[in-house]
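This dialogue is meant for a reader who is new to the structure below.

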Amino acid sequence: MSPPPEPGITPKDSVMAAAARVQTEKPELSLIMDELEAGEAAVELDDKEPQEVLAWAIDRFGKELAICCSFQAEGCALIDMAHKIDPRIRVFTIDTGRMPQETYDVIDKYRQRYGIEVEIFMPDTDVVQQMVTRHGNNLFYNDVNLRLLCCQVRKVLPLRRALMNYSAWVTGLRRDQWATRSNIRKIEIDHDHGGIVKFAPLADWTEDEVWDYIRANDVPYNALYDKGYKSIGCAPCTRAVSEGQDARAGRWWWETGAPKECGMHCAIETGGFEHELAALLGHDGDGHAKS
Ligand code: SF4
């Protein structure tokens with residue numbers, strides 16, 4: 001159990017502290033970028049193809065760069081592109097513990113076909129145990145705040161821990177995926193993760209362009225796409241969608257009016273789950289130790 005925090009520490013600070021607590025060894029990282037350089041690079045890269053953005057990122061950050069991949073179509077295309085530029089490209093994923101079997105199967109295919117070691121980060125067992133003991137294994141179906149709590153514990157915290165290992169990360173985000181993603185830049189400083197650099201080489205690509213690339217290059221993809229899925233996350237929170245439905249309609253489909261986001265790519269603060277999360281981590285939402 002972590003020691004009680006100083007008074008005044010916020011729930012967000014608690015999240016950072018929890019991520020650091022389970023990070024046993026922090027690698028030496030030397031490559032940094034300031035806002036000025038990032039802004040100039042954003043202008044330079046904005047009309048560039050994904051492969052050009054990746055080549056620029058690999059050249060700038062080398063082994064301190066990694067692709068964050070949930071093995072959806074976008075991440076699969078990015079791995080193929082990056083591997084052709086530099087076979088030493090690093091790839092990591094967050095295994096929430098609730099992934100579909102098809103996702104584990106496709107991870108195996110990447111290990112075999114590309115010979116890459118997919119770095120896997122998992123949630124803190126203690127926190128998951130406390131969460132499911134308090135709220136049940138299927139807590140996400142009961143309340144939006146419990147769903148967001150589960151996403152924080154199983155996705156957001158492990159991502160924060162993972163990103164302590166890199167100076168820059170590559171995501172498969174596209175602007176037309178959801179309203180919250182419409183303004184993403186191909187390169188930006190990621191202030192939610194300690195000021196490292198975040199790349200989105202596919203920002204201006206459409207879903208069709210991604211699939212055209214996958215088919216043209218025989219890129220392995222998740223078998224659930226052939227069963228009507230268009231966006232793939234955890235098994236209990238993802239389902240197939242009808243023809244013409246929005247790709248993210250199959251994510252947390254039982255919720256109405258809630259963001260189709262988990263908090264990995266944008267901060268979600270509802271005034272609900274944050275205090276429960278702080279309680280799970282060992283103190284209340286005001287930063288005081290539980291009595
Ligand atoms: Fe939990 Fe569902 Fe979020 Fe996965 S997608 S972390 S199971 S709430």
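Q: In which helix is E35 found?

A: E35 is found in helix α2; helices (H or I, at least four residues) and strands (E, at least two) are DSSP runs, numbered from the N terminus. Residues are numbered from 1 along each chain as its sequence is written. The model is predicted, and local features need pLDDT of at least 70, side-chain atom pairs count only at pLDDT 80 or more, while totals for chains, interfaces and linings use all residues.

Q: Is E35 buried or exposed?

A: A residue is buried if 20 or more other C-beta atoms, placed from the backbone, lie within 10 Å of its own, exposed if 12 or fewer, and partly exposed in between. E35 has 11 C-beta neighbours inside 10 Å, so it counts as exposed.

Q: How many helices and strands does the protein have, and what share of its residues is buried?

A: The secondary structure comprises nine helices and six strands. Of the 291 residues, 40% count as buried.

Q: How does one read the sides of a helix, and which residues of α3 are buried?

A: An α-helix has 3.6 residues a turn, so residues three or four places apart point the same way. In α3, the buried residues are P50, V53, L54, A57 and F61. They cover an arc of only 100 degrees around the axis, which puts them on the same side of α3; the arc is that of the directions from the helix axis to the C-beta atoms.

Q: Which elements do the buried residues of α3 pack against?

A: They pack against α2 (35–45), β1 (65–68), α4 (73–85), β4 (168–170) and β6 (196–199). Here a contact requires two C-beta atoms, placed from the backbone, within 7 Å. Helix α3 is followed by G62, whose phi is positive, near 50 degrees.

Q: Which residues have the most contacts inside the largest nonpolar core?

A: In soluble globular proteins, nonpolar side chains tend to be buried together. A nonpolar core is a set of buried Ala, Val, Leu, Ile, Met, Phe, Trp, Tyr and Cys residues joined through C-beta atoms within 7 Å. The largest one here has 70 residues, and I67 and A168 have the most contacts inside it. Helix α7 (residues 144–163) gives the most to this core, with eleven residues. Leaving aside residues up to four places away in sequence, I67 touches G75, L78, I79, A82, I89, V91 and V170.

Q: Where is F71 found, and what is its phi?

A: F71 is found in the loop between β1 and α4. Its phi is near 60 degrees, a positive value in a residue other than glycine. F71 is buried, with 26 other C-beta atoms within 10 Å. W252, in the loop between α8 (207–216) and α9 (273–280), also has a positive phi, near 45 degrees. With 25 C-beta neighbours inside 10 Å, W252 counts as buried.

Q: Which residues are closest to the ligand?

A: A residue is near a molecule if its C-beta atom, placed from the backbone, lies within 6 Å of it. In this model 13 residues surround the ligand, and the closest are C150, C151, R154, C234 and C237.
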